[in-house]
Amino acid sequence: IYIKAQRIRNIASVYTAELMGILACLSTLTQLPLLSKFLIFTDSLSSLHSLADLFPTNPIVQQIHLNIHTLTSINSHITFVWIPGHVGLPEHDVVNHAAKQATLLPQISDLSPISAVDLENYYRSLITSAWRNSWEKQSPNKLLRLKKSPFLLKSYFRKSKREEVVLTRLRIRHTRMPHSDLLSPHPQSPPSCPHCSSPYPTVDHFSCTSLLSI
């Protein structure tokens, strides 16, 4: 068995890695004798679905189509076969092991350009990570106990805007009961809890220990 493994860029997605593997196989087939029949096995069903598109926008898929056209023009026949992952085929396990070992190589051996989709996902993950770190490290951040991350909750997607407003105000405690002094047109002293003398505007005051012990 001849196995060739390469390390691609770290920001490449699994989908891109599968496509680049298929492209590498086709590039090798163009150097073999003419008038041959070839089987290409892959466990990536999404890659095969992409190859069925006659007008792909992915540059790697476009290169695959070009190589397939080159092979068919010299009377070579290519057949793609999908094999579900982890089926226990010895050859499949050997290839998977080689792919994992390639990730340990010290340098990137395949410098092919990364698709715009992979770049977009990579920078989105960086922005999301920075946003999460900023949210978690804000001091003081009274809303952190109510919302561990700055992302939307599933309950936010409601048809009624009024329901969204009411639920949000309840979550962040921006209601007239704890903030009546701020909403009143006349200056007032901040309200305090009659049981523990704690100021009402605190986020977790609704779990007042003095009130619970009554």
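Tutor: Contact means heavy atoms within 4.5 Å. Keep that cut-off in hand as we read this predicted model.

Student: Which residues is Leu-29 in contact with, leaving aside its neighbours within four places in sequence?

Tutor: Phe-38, Ile-40, Leu-71 and Ile-78.

Student: Let me step back. What elements does the protein chain have, and in what order do they run?

Tutor: Count first, then order. The protein chain has eight helices and two strands. From the N terminus the order is α-β-α-α-β-α-α-α-α-α.

Student: What share of the contacts with a separation of 6 or more joins residues 24 or more positions apart?

Tutor: In the protein chain that share is 57%. The chain exposes about 15400 Å², with 61% of that supplied by carbon and sulfur atoms.

Student: Where is the confidence highest, and where lowest, among the elements?

Tutor: Start with a caution. Where pLDDT is low, predicted coordinates should not be read in detail. Here helix α2 (residues 45–51) has the highest mean, 91. Helix α8 (residues 209–212) has the lowest, 53. Over the whole protein chain the mean pLDDT is 78, and 75% of the residues reach 70 or more.

Student: Now the surface. Which residues form the nonpolar patch?

Tutor: Leu-119, Tyr-122, Tyr-123 and Leu-126. Together they have about 360 Å² of accessible area. Take Tyr-122 as the example. Tyr-122 lies in helix α5 (residues 116–137).

Student: Why can Tyr-122 be called partly exposed?

Tutor: The class runs between the buried limit of 20% and the exposed limit of 50%. Tyr-122 has a relative accessible area of 32%, so it is partly exposed.

Student: How many salt bridges does the count come to?

Tutor: The count comes to one. The side chains of Glu-120 and Arg-124 form it, at 2.8 Å from N to O.

Student: Where do Glu-120 and Arg-124 sit relative to each other?

Tutor: Both are in helix α5, four residues apart, which means a separation of about one helical turn. Glu-120 is partly exposed at 46% relative accessible area. Arg-124 is partly exposed too, at 42%.

Student: Ser-115 comes next. Is Ser-115 buried or exposed?

Tutor: Buried. Its relative accessible area is 5%. Ser-115 is in the loop between α4 (90–102) and α5. Beyond residues up to four places away in sequence, Ser-115 touches Thr-16 and Pro-59.

Student: Where is Asn-75 placed, and is it buried or exposed?

Tutor: Asn-75 is in the loop between α3 and β2 (77–82). Asn-75 counts as exposed because its relative accessibility is 55%.

Terms used
Residues numbered from 1 in each chain as written. Predicted model: local features only at pLDDT ≥ 70, side-chain atom pairs only at ≥ 80, totals over all residues. Heavy atoms only, no water. Areas by Shrake-Rupley, 256 points an atom, 1.4 Å probe, with all protein chains shown as cover. pLDDT = per-residue confidence, 0-100. Patch = residues over 30% accessible without salt bridge, like charges linked within 9 Å, V, L, I, M, F, W, Y side chains within 5 Å. Salt bridge = Lys/Arg side-chain N within 4 Å of Asp/Glu carboxyl O. Buried < 20%, exposed > 50% of the residue type's maximum accessible area, 1.4 Å probe, protein only.
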